[in-house]
Amino acid sequence: MALYNEILSEFGRFNAELIGISVDGIWCHLAFARERGLRFPLLTDFEPKGAVARTYGVYREQDGTSERALFVIDAGGIIRWSYVSPVGINPGADGIIRALEALGTGH
């Protein structure tokens, strides 16, 4: 999240919105965002827990959490790129930026 916060202007260059989603509750998100100085929204997938993660096929039943998944969704709501990173590995931003470039939405 810190990396994405640092390169937020890159997302703007592509007219892209960055949104973080997790199965944590709103109070956890507010504290996390405040502590990290995040400048993009964190959405909660708490009730019913994991409904969004399940829809995208990334809910981890065994843990009650979601995968570390990234999605680029176009203006029509179609997933144009996705990546699921191992839980302990930071997926970086290169894949997202390449997907946005491929969509041709940049200035």
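**Note on the predicted model**

1. V52 sits in helix α4 (helices are DSSP runs of H or I, at least four residues; strands are runs of E, at least two; both are numbered from the N terminus). V52 counts as partly exposed because its relative accessible area is 35% (buried is under 20%, exposed over 50%, partly exposed in between, with a 1.4 Å probe and protein chains only).

2. This is a predicted model, where local features need pLDDT of at least 70 and side-chain atom pairs pLDDT 80 or more, while totals for chains, interfaces and linings use all residues. Residues are numbered from 1 along each chain as its sequence is written, and side-chain values use heavy atoms, without hydrogens or water.

3. V52 also belongs to a nonpolar surface patch of about 550 Å². (Patch residues have over 30% relative accessible area and no salt bridge; nonpolar side chains, namely Val, Leu, Ile, Met, Phe, Trp and Tyr, are joined within 5 Å, and like charges within 9 Å. Areas come from the Shrake-Rupley method with a 1.4 Å probe.)

4. The largest pocket holds about 1600 Å³ of space. Its lining has 50 residues; I19, G20, I21, A69 and L70 lie nearest the centre. (A pocket is an open set of points on a 1 Å grid where a 1.4 Å probe fits, with protein on both sides within 12 Å along at least five of seven lines; lining residues have an atom within 4 Å of a point.) Strand β5 gives the largest share, six residues.

5. By class, that lining has 31 nonpolar, ten polar and nine charged residues. (Ala, Val, Leu, Ile, Met, Phe, Trp, Tyr, Cys and Pro count as nonpolar, Asp, Glu, Lys and Arg as charged, the others as polar.)

6. There are six salt bridges (a side-chain nitrogen of Lys or Arg within 4 Å of a carboxyl oxygen of Asp or Glu). E10 pairs with R13, with closest N and O atoms 2.9 Å apart. Both lie in helix α2, three residues apart.

7. R80 pairs with D74 at 2.6 Å between the closest N and O atoms. D74 is buried because its relative accessibility is 17%, whereas R80 is partly exposed at 48%. Shared partners join R60, D63 and E67 into one network.

8. The peptide bond from E47 to P48 is cis, with omega near -5°; P48 is in the loop between β2 and α4. N15 has a positive phi, near 55°, and lies in the loop between α2 and β1. N15 is exposed, at 58% relative accessibility.

Methods: Points joined across faces, edges and corners; volume = space filled by probe spheres on them.
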